[in-house]
Amino acid sequence: MNLYPLFVILIAAAVIITTRFVPFLLLGRGEEPPAYIVSWEMYCRRRL
Amino acid sequence: MTGKVLRKTIPVTLPVMAGFLSLGTAFGILLQDAGYGLPWALLMSVFIYAGSAQFLCVELLAAGASLSQVAILTFLLNFRHIFYGLTMITRYRGVKRKWYLIFGLADETYAFLSADKISEGVEKDDYYLAVTALHQTYWVIGTIIGSLAGVLIPFDMAGIDFAMTALFAVLVVEQWKAHSTHFPVVLGFFITSMALLLFGADHFLILALVTICAVLLLCRKRLEGAE
């Protein structure tokens, strides 16, 4: 059985999941978010 | 998630449903055409769940790309998700089923939830979960339709892969309309064209992306001032 597509899917999924979870794992435990998050939020919302 | 929550949430997610069903169908047909059937399509839509990355994977699978290329290109295409997450930290604090909400934070879901327009009579936790789950459900259903259609109906595939080009063209138009400065769009067009001419179709993409990032970082202050 050719496992190449399975590895492609696993790697793509791992990269996507990492990009989505990293901010929460690094910054999501404190009581207050860092101040720069507010400006990032405005930036991202303008882009969308 | 109760029926009441779904009844209140489904109507507001209808525009996303239209987009996800059509794009998901295009993805399913393309993947089927590349030789990968419904199980592969489902695997990708359930575990990757990122439209642009999944279309990219079809191309990479067809080209037999190396696994390091898969990792690098997927990261470059989707590292914007890091910034989505940064802005959702406060909203998701203490929310139930937070891990699924983070996993399901696609572009459209982020746009939806960051608007803070929670349906009347619905708890915040339930609304977040319903929107996220419905969006992924639409995407998976579109994928299934496309995958089955690719088997059952003989398609002339010419032009179907243009769906992704069209999606990015729409994103460029949106960026053009949303910003007062058009420098990033012009820069992207210019550097990508030059890289394509100089390095050819097989090697231009990463070089172009790195150069664009470097120039934008150098011009960051000026660009932020122009906004």
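Reader: Where is R97(B) found?
Author: R97(B) is found in the loop between α6 and α7 (98-103) of chain B. This is a predicted model, where local features need pLDDT of at least 70, side-chain atom pairs count only at pLDDT 80 or more, and totals for chains, interfaces and linings use all residues. Residues are numbered from 1 along each chain as its sequence is written, chains are lettered from A and ligands numbered from 1 in the order written, and side-chain values use heavy atoms, without hydrogens and water.

Reader: Why does R97(B) count as partly exposed?
Author: Its relative accessibility is 47%. Buried means under 20% relative accessible area, exposed over 50%, and partly exposed in between (1.4 Å probe, protein chains only). R97(B) therefore counts as partly exposed. R97(B) is not a glycine, yet its phi is positive, about 55°.

Reader: What is the phi of Y49(B), a residue other than glycine?
Author: Phi of Y49(B) is near 45°, a positive value. Y49(B) sits in the loop between α3 (38-47) and α4 of chain B.

Reader: What makes Y49(B) buried?
Author: Y49(B) has a relative accessible area of 2%, so it is buried.

Reader: Why are α4(B) and α5(B) called roughly antiparallel?
Author: They pack at an angle of about 155°, with their axes 10 Å apart. Axes are lines fitted to C-alpha atoms, for helices over the stretch in contact, and angles run from 0 to 180 degrees between N-to-C directions. Over 145 degrees counts as roughly antiparallel, under 35 as roughly parallel, 65 to 115 as roughly perpendicular, and the rest as oblique. α4(B) and α5(B) are therefore roughly antiparallel to each other. The contact (heavy atoms within 4.5 Å) joins S52(B), A53(B), L56(B) and L60(B) of α4(B) to V70(B), L73(B), T74(B), L77(B) and N78(B) of α5(B). By class, the residues divide into six nonpolar, three polar and no charged.

Reader: What makes N78(B) buried?
Author: N78(B) has 1% relative accessibility, so it counts as buried. N78(B) lies in helix α5 (residues 67-78) of chain B. Beyond its neighbours within four places in sequence, N78(B) is in contact with I16(A), T19(A), A50(B), S52(B) and A53(B).

Reader: At what angle do α2 (residues 14-33) and α4 (residues 51-63) of chain B pack?
Author: The angle is about 10°, and the axes are 10 Å apart. That makes α2(B) roughly parallel to α4(B). L23(B), A26(B), F27(B), L30(B) and L31(B) of α2(B) meet Q54(B), F55(B), V58(B) and L61(B) of α4(B). This contact has eight nonpolar, one polar and no charged residues.

Reader: Which residues of α6(B) and α8(B) meet?
Author: In α6(B) they are H81(B), Y84(B), T87(B), M88(B), R91(B) and Y92(B); in α8(B) they are D107(B), Y110(B), L113(B) and S114(B). The classes are five nonpolar, three polar and two charged. The axes come within 11 Å and cross at roughly 35°.

Reader: Buried or partly exposed: which is C57(B), and which is C219(B)?
Author: C57(B) is buried, with a relative accessible area of 0%. C219(B) has 24%, so it is partly exposed.

Definitions and conventions:
Helices (H or I, at least four residues) and strands (E, at least two) are DSSP runs, numbered from the N terminus. Ala, Val, Leu, Ile, Met, Phe, Trp, Tyr, Cys and Pro count as nonpolar, Asp, Glu, Lys and Arg as charged, and the others, Gly among them, as polar.
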